[in-house]
Amino acid sequence: MRVIHVGPDPSLTYRPNLEKDEAKKKEDYRNFETGSLFDRVFRTYKLMHTNQTVDFVKQKLSQWTAFNHTQMGMMDAILALNLLVDESDPDVDFPNSYHAFQTAEGIRQAHPDKDWFQLVGLIHDVGKMLGLWEEPQWAVVGDTFPVGCQYQKSVVFRDNTFLDNPDDKNTNYNTEYGMYEPNCGLDKVLMSWGHDEYLYRVLKFNNCSIPQEGMNMIRFHSFYPWHSHGDYMHLCDDRDLQMLPWVQEFNKFDLYTKTTELPDVEKLKPYYQSLIDKYCPGTLKW
């Protein structure tokens, strides 16, 4: 099996510092102004913000929602993430699947009565399977944002990375609402392409029974301009506002559950396989 080096994942780069005996304050996470990996992270977002256009997203939706790339069960997909190596993450040197189980266990401790929420924690990054099919990392990882309307100020590197994006000069797209109606709802908004949208589409196509709150967590967990900065509210409808607290609750566990205390994956697998069997059983089409 090949190990695919997908390059820096901007959503991971500034997560907690896991060096022994060092603590990092929550307000220091996601620092996009300084750091040893600043140049590489900036280049990642420059490529993303240049190439993620309305046409690009539509092309990717057409390409990947045929679900004809492979078939496998969810647990196999989780473990396959270990083939994806983030060469830029300075904090951890253990397989990506450990983060999946850490997130799930953090949620399990805080929400023991919500098994679907625990499963969401386990599978939320499985859409990074796209990297196994050689998608460029800027089309797999990192913060997401709507295409087809004006880019809001809270988008990472907003002021100097969209200069070569043709949509930024297109009068159909570069206004506050762009191609959308006021309060149309995020379900009608085209998001930049990446692992969030892909996994959401996979689960929906395969008729997985995860509650809508969990599906929204998966679809929008990288949409930081919205759930962490309050932007794009002019596109939201009442359902979006109702789901926002759920996405924010999930984000706490996604960001802050990485520790040097690694979970016993083999011990945990039977419990989480039972959740997979309940909500997304069998062989899935990807």
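**Exercise 1. Histidine 111**

Determine whether histidine 111 is buried or exposed, and identify its contacts beyond its neighbours within four places in sequence.

Step 1. Histidine 111 has a relative accessible area of 14%, so it is buried. Buried denotes under 20% relative accessible area, exposed over 50%, and partly exposed the range in between, with a 1.4 Å probe and protein chains only. The model is a predicted one, in which local features need pLDDT of at least 70 and side-chain atom pairs count only at pLDDT 80 or more, while totals for chains, interfaces and linings use all residues. Residues are numbered from 1 along each chain as its sequence is written, and side-chain values use heavy atoms, with hydrogens and water left out.

Step 2. Histidine 111 belongs to the loop between helix 5 (96–110) and helix 6 (115–123). Helices (H or I, at least four residues) and strands (E, at least two) are DSSP runs numbered from the N terminus.

Step 3. With its neighbours within four places in sequence set aside, histidine 111 has Phe117, Gln118, Glu249 and Phe253 as contacts, a contact being heavy atoms within 4.5 Å.

**Exercise 2. The chain as a whole**

State how many helices and strands the chain has, what percentage of its residues count as buried, and what percentage of contacts between residues at least 6 apart in sequence join residues at least 24 apart.

Step 1. The chain contains 12 helices and 4 strands.

Step 2. Of its 286 residues, 58% are counted as buried.

Step 3. Among contacts between residues at least 6 apart in sequence, 80% link residues at least 24 apart.

**Exercise 3. Positive phi values**

Compare the placement and exposure of asparagine 207 with those of tyrosine 232.

Step 1. Asparagine 207 has a phi near 55°, a positive value in a residue other than glycine. Its place is in the loop between helix 8 and helix 9, and its relative accessibility of 69% makes it exposed.

Step 2. Tyrosine 232 has a phi near 65°, also positive in a residue other than glycine. Tyrosine 232 is in the loop between helix 10 (224–227) and helix 11 (238–256); at 1% relative accessibility, it counts as buried.

**Exercise 4. Aromatic pairs**

Classify the pair of tyrosine 45 and phenylalanine 157 and the pair of phenylalanine 223 and tryptophan 226.

Step 1. The whole structure has 20 aromatic pairs. Rings of Phe, Tyr and Trp (its six-membered ring) pair if their centres lie within 6.5 Å; planes under 30 degrees apart count as stacked, over 60 as edge-to-face and the rest as tilted.

Step 2. Tyrosine 45 and phenylalanine 157 are 5.8 Å apart centre to centre with 65° between the planes, an edge-to-face pair. Tyrosine 45 is in helix 2 and phenylalanine 157 in the loop between helix 6 and helix 7 (158–161), so the pair ties together parts 112 residues apart in sequence. Both tyrosine 45 and phenylalanine 157 are buried.

Step 3. Phenylalanine 223 and tryptophan 226 have ring centres 5.7 Å apart and planes at 25°, so this pair is stacked. Phenylalanine 223 is buried at 0% relative accessibility, and tryptophan 226 is buried at 1%.

Step 4. One aromatic cluster consists of Trp64, Trp133, Trp193 and Tyr198.
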